[in-house]
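Here are some notes for a first look at this structure. Have it open beside you and take the points in order.

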Amino acid sequence: MTTVQNPEHPINHHGQLNSSSAPPALEARSIYKTFRERKQEIQVLDGLSLAVQPGQFVSIIGPSGSGKSTLFHIIGGLTAPDAGSIWMNGADVTGQKGRIAYMPQQPALFPWRTVLDNVLLPRELAGMDKEHTIQEARRWIERAGLSEFEQAYPHTLSGGMQQRTAFLRAMMSPHEVMCLDEPFSALDALTRSDMQHWLLDIWEENRRSVLMITHHIEEALLLSDTVYVLSSRPAQVLQKIDVPFPRPRRENILSDPAFLEMKGAISSMMREELKK
Ligand SMILES: Nc1ncnc2c1ncn2[C@@H]1O[C@H](COP(=O)(O)OP(=O)(O)OP(=O)(O)O)[C@@H](O)[C@H]1O
Ligand SMILES: [Mg+2]
C-alpha cells in the first residue's frame, strides 16, 4: 500500500514517531454547543476537550444522542461552536472546512458517481492524477469486498456496502487526520471484524492520526491508544483511558484477561451513566 505523502506526517524517515513535543494533530478545546429550535434549547456539548497526538488512534465512546456527531461537525467546520476552539498542529482552525478526512455517520455518497468514482473523489479534489491513484483505489475496493460493485451506483448498494465505500473514500483522502463516525456500524459481525483488522493493519503501517466514534467497546480497545468515554448529553469527558496493549495487536488480545477487565470497566461505567 502506498503511503499518502504529507509533509506533516508524524513518522520521520527512520520510521519513528516524531518528537512528542509536537503539538496535537487535532485538539478540541473546551467546546460548548447548545441547539436552539422553536423555543427549545438542547445543550449538547458542555466544555468538551480532547486531543489526538500525531500518529495516535483515539476513540470516543458515549451514549446515543450525547453529542458525538455534533463534535465531529464542529471539528469539520460544518457547525459553529458557541465557545471553544479546534486546533490542528498548533493552529486555530475553528470553522475551517476541508482539513480532515471525514467519514460521516450517514455515508453521503454522490448518487451520480460509481463506487470507484466516489472513492477517487478526495484525490480528484486535491488535484491528484486520477490514473495514478486508480490502482490503489482498486486494491482497496477489492480488500473491502466490493470489486464486483466497482461500477455500481450507490442506490443499488446495501447499507453496509455504502458504508464500506464511504470508509474507503475517507481512507483515500490526502488529509493526515481522519475522523470516522461509527465507520462499521452497519456491518454484520464477521465483516465488521474483518474491516477492524484491516484498519488495524493499515494504521499500524501508516500511523495516521485518527479520531473514531464507536459504540463498540471491544473495537475501541482493539484499535486505540486512547479512549475517551463521554457522559450523556450535555457531553463531558467522563474518563480518558490510555490503552496499554503493545502493538502490533492481533486477535488474541481480545481474550487477554487485562483486555477483558478494561472492557468490563468501560461497560459498567456506561451502564451507570445510562441509569442517571
Ligand atoms: N442541527 C441540529 N439542530 C438541533 N438539534 C440537533 C442538531 N444536531 C444534533 N442535534 C441534537 O443534538 C443531540 C446530539 O446529537 P448527535 O447527533 O451529536 O448525537 P450522537 O452522540 O452522535 O448520537 P448517536 O450515537 O445516536 O449517533 C441530539 O439530541 C440531537 O437531536
Ligand atoms: Mg452520531
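1. A quick definition before we start: two strands count as paired if DSSP finds at least two bridges between them. Also keep in mind that this is a predicted model.

2. With that in hand, look at β1 and β2, which pair in the antiparallel sense over ten bridges.

3. Now the ligand. Which residues come nearest to ligand 1? Of the 14 around it, they are F35, S64, K68, S69 and T70. The elements giving two or more residues to this shell are β1 (26-37), β2 (40-52) and α1 (68-75). The largest share, three residues, comes from α1. By type, the shell around ligand 1 divides into three nonpolar, eight polar and three charged residues.

4. On to the other sheet. Six strands form an open sheet in the order β6-β7-β8-β3-β9-β10, with mixed pairing. Why is one side of β6 (101-103) and of β10 (237-242) left without a neighbour? Both stand at the edges with a single partner strand each, so nothing in the sheet lies on that side. On average, neighbouring strands here are turned by 15° against each other, direction ignored.

5. At the β6 end, β6 and β7 (residues 177-181) pair in the parallel sense over three bridges. M103 has L180 of β7 as its bridge partner. Helix α4 (residues 159-171) packs on the sheet there, touching β6 and β7, and its direction makes about 170° with that of β6.

6. The largest nonpolar core has 64 residues, and A170, V177 and C179 touch the most other members. The element that gives the most to this core is α4, with six residues. V177 is worth a click: leaving out residues up to four places away in sequence, it touches A25, L26, V52, M88, I100, A101 and S209.

Technical notes:
Residues are numbered from 1 along each chain as its sequence is written. Chains are lettered from A and ligands numbered from 1 in the order in which they are written. This is a predicted model: local features need pLDDT of at least 70, side-chain atom pairs count only at pLDDT 80 or more; totals for chains, interfaces and linings use all residues. A residue is near a molecule or strand if its C-beta atom, placed from the backbone, lies within 6 Å of it. Helices (H or I, at least four residues) and strands (E, at least two) are DSSP runs, numbered from the N terminus. Ala, Val, Leu, Ile, Met, Phe, Trp, Tyr, Cys and Pro count as nonpolar, Asp, Glu, Lys and Arg as charged, and the others, Gly among them, as polar. Axes are lines fitted to C-alpha atoms, for helices over the stretch in contact, and angles run from 0 to 180 degrees between N-to-C directions. Two residues are in contact if their C-beta atoms, placed from the backbone, lie within 7 Å. A nonpolar core is a set of buried Ala, Val, Leu, Ile, Met, Phe, Trp, Tyr and Cys residues joined through C-beta atoms within 7 Å. A residue is buried if 20 or more other C-beta atoms lie within 10 Å of its own, exposed if 12 or fewer, and partly exposed in between; C-beta atoms are placed from the backbone.
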